[in-house]
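Subject: A structure for you to look at

Hello,

I am passing on a structure that I would like you to explore.

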Amino acid sequence: MADEYRKGWALRYLREAKAELIAAQKMPYMAPSLILEAVRKAQVAIYYSLGDPAFVEAIVHQTLGRKKAVDDPVLRCLVEIERMVQRVVRSPHSDHGQAIEETNGLIRIASDIVELLTGETA
């Protein structure tokens, strides 16, 4: 469980990720940068709900670099989320619809995780 400080940041990042996604849907000309912000904020919300975001991120990146199967289910989930973030970041800017759908899915996953770990909804 996250302390009050981290819980507050997790909820804030999650709310901001949702707002960025809504803005991306309303302003297609700005969608690529807004989608990128939304996925990053959703991911950071998850990291804050787990503890120190820098520490969690370092573990995820180390695990990605190993290229071996991950046994721990939580770490495996975080690695898959990182891969999803990377796919959205690398996706062509012309396919906003697909990027918005993937981002929406990531935000739903992040919402579930943050709610589970903090006991609150954003």
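Below is what was found in the structure, from the whole protein down to a few single residues.

Please keep in mind from the start that this is a predicted model.

**The whole protein**

Let's begin with the overall picture. The protein contains 5 helices and 0 strands, and reading from the N terminus the order of elements is α-α-α-α-α. Along the principal axes, the C-alpha atoms fill a box of roughly 40 × 35 × 20 Å.

Of the 122 residues, 40% count as buried. Among contacts between residues at least 6 apart in sequence, 68% join residues at least 24 apart.

**How the helices pack**

Two packed helices are described by the angle between their axes and the distance between the axes.

Start with helix 1 (residues 4–26) and helix 2, whose axes come within 8 Å and cross at roughly 160°. An angle over 145° counts as roughly antiparallel, and therefore helix 1 and helix 2 are roughly antiparallel to each other. Their crossing is left-handed. On the helix 1 side, the contact includes Arg-6, Trp-9, Ala-10, Tyr-13 and Leu-14. On the helix 2 side, Ala-31, Leu-34, Ile-35, Glu-37 and Ala-38 are among the residues that take part. Sorted by class, this contact has 16 nonpolar, 1 polar and 5 charged residues.

Next, follow helix 2 (residues 31–50) to helix 4 (residues 73–90). Their axes come within 9 Å and cross at roughly 165°, which makes helix 2 roughly antiparallel to helix 4. Helix 2 passes helix 4 in a left-handed crossing. From helix 2, the residues that meet helix 4 are Ile-35, Leu-36, Val-39, Arg-40, Gln-43, Ile-46, Tyr-47 and Leu-50. Facing them from helix 4 are Leu-78, Ile-81, Glu-82, Val-85, Val-88 and Val-89. The residues of this contact divide into 11 nonpolar, 1 polar and 2 charged.

Helix 4 brings Cys-77, Ile-81, Met-84, Val-85, Arg-87 and Val-88 to the contact, while helix 5 brings Glu-102, Thr-103, Leu-106, Ile-109 and Ile-113. By class, that contact has 8 nonpolar, 1 polar and 2 charged residues.

If you colour the contacts, look for Ile-35 in the contact of helix 1 with helix 2 and again where helix 2 meets helix 4. Likewise, Ile-81, Val-85 and Val-88 of helix 4 meet helix 2, and these residues also take part in the contact with helix 5.

Is Gln-43 buried or exposed? Gln-43 is found in helix 2, and its relative accessible area is 5%, so this residue is buried, given that buried means under 20%. Leaving out residues up to four places away in sequence, Gln-43 touches Ile-81, Glu-82 and Val-85. The C-alpha atoms of Gln-43 and Ile-107 are separated by 8.3 Å, although these residues are 64 residues apart along the chain.

Ser-111 sits in helix 5 (residues 96–118). With 16% relative accessibility, Ser-111 counts as buried. Which residues does Ser-111 touch, not counting those up to four places away in sequence? They are Leu-14 and Lys-18. Between the C-alpha atoms of Ser-111 and Ala-99 there are 18 Å, and the two are 12 residues apart along the chain.

Finally, find Ala-19 in helix 1. Its relative accessible area is 43%, so Ala-19 is partly exposed. From Ala-19 to Glu-115, the separation is 96 residues in sequence and 18 Å in space, C-alpha to C-alpha.

Enjoy exploring, and write back with any questions.

Best wishes

Conventions. Residues numbered from 1 in each chain as written. Predicted model: local features only at pLDDT ≥ 70, side-chain atom pairs only at ≥ 80, totals over all residues. Heavy atoms only, no water. Axes fitted to C-alpha atoms, helices over the stretch in contact; angles between N-to-C directions. Helix = DSSP H or I, 4+ residues; strand = E, 2+ residues; numbered from the N terminus. Parallel < 35°, antiparallel > 145°, perpendicular 65-115°, else oblique. Left-handed = near helix turned anticlockwise from the far one by under 90°. Contact = heavy atoms within 4.5 Å. Nonpolar A, V, L, I, M, F, W, Y, C, P; charged D, E, K, R; others polar. Buried < 20%, exposed > 50% of the residue type's maximum accessible area, 1.4 Å probe, protein only.
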